[in-house]
Amino acid sequence: MNEEYTRLDRMRYTKNTSSSRLAILAIVFDVLFFISLYKSDVGNYYYTILIGASIIYNLVFLLATFLASEGVKGYQRNYTWLLLALACGQIVRIFIYPVQGHAAKVSGAAVIGDGQFIFMIICLAASAVCLVGAALINWRKSKALSDHIASLEAGNA
């Protein structure tokens, strides 16, 4: 009991680095996806409004994920929802460029080859898994900390 109390009380003075690091790792996987996608230049396939939207979404994703990684350091529970929404966005992205590009052909060649397709799906899935993990850890830790603080305040009242 004493060790549990000490662990919970220590959370008041330390940062939630596990959630933060998972969010940063999600950014790393997204950057790997970004590099893999945008290094490809197959004819005029990528010269559409969709690539512009993809670039803007990617920038928003990077900024929002970094914001969430800083927010979860302070055990702020609201960032859990942002992390989960970003994870859903990463899963949806799998069905946009990787799947569509893998099925598309330009001059008889696949726009996204098999190896690149698998790599891109792994990057997006790993990014989503990291975000979900960060969200779940943050939820659990922030709830434990808020319950601990409430019990301290109840004891002082």
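In the predicted model, Trp81 is exposed, its relative accessibility being 53%. This value lies over the 50% above which a residue is counted as exposed. Trp81 belongs to helix 4 and is paired with Trp139 of helix 6 (residues 114-156). With a relative accessibility of 33%, Trp139 is classed as partly exposed. The ring centres of Trp81 and Trp139 are 5.6 Å apart and the ring planes stand at 65 degrees, so the arrangement is edge-to-face. An angle over 60 degrees between the planes is what places a pair in this class. In total, three aromatic pairs are present in the structure.

The packing of helix 2 with helix 3 was examined next. Two packed helices are described by the angle between their axes and by the distance separating those axes. For helix 2 (residues 17-38) and helix 3 (residues 49-71), the angle is about 165 degrees and the axes are 9 Å apart. Helix 2 is therefore roughly antiparallel to helix 3, a description applied to angles over 145 degrees. The crossing of helix 2 past helix 3 is left-handed. By class, the residues in this contact comprise 13 nonpolar, five polar and one charged. On the side of helix 2, the contact is formed by Ser20, Ala23, Ile24, Ala26, Ile27, Asp30, Val31, Phe34, Leu37 and Tyr38. These meet residues of helix 3 that include Ile51, Ile55, Asn58, Phe61, Leu62 and Phe66.

Helix 2 also contains Ser36. Ser36 has a relative accessible area of 5% and is therefore buried, the limit for this class being under 20%. When neighbours within four places in sequence are set aside, Ser36 is in contact with Gln116, Phe119 and Met120.

A further feature concerns the backbone at Tyr75. Most residues other than glycine have a negative phi. The phi of Tyr75, by contrast, is positive, with a value near 60 degrees. Tyr75 is located in the loop that runs between helix 3 and helix 4 (78-94). Tyr75 has a relative accessibility of 10% and so counts as buried.

How values were computed. Residues numbered from 1 in each chain as written. Predicted model: local features only at pLDDT ≥ 70, side-chain atom pairs only at ≥ 80, totals over all residues. Heavy atoms only, no water. Axes fitted to C-alpha atoms, helices over the stretch in contact; angles between N-to-C directions. Helix = DSSP H or I, 4+ residues; strand = E, 2+ residues; numbered from the N terminus. Parallel < 35°, antiparallel > 145°, perpendicular 65-115°, else oblique. Left-handed = near helix turned anticlockwise from the far one by under 90°. Contact = heavy atoms within 4.5 Å. Nonpolar A, V, L, I, M, F, W, Y, C, P; charged D, E, K, R; others polar. Buried < 20%, exposed > 50% of the residue type's maximum accessible area, 1.4 Å probe, protein only. Phe/Tyr/Trp six-rings, centres within 6.5 Å; stacked < 30°, edge-to-face > 60°.
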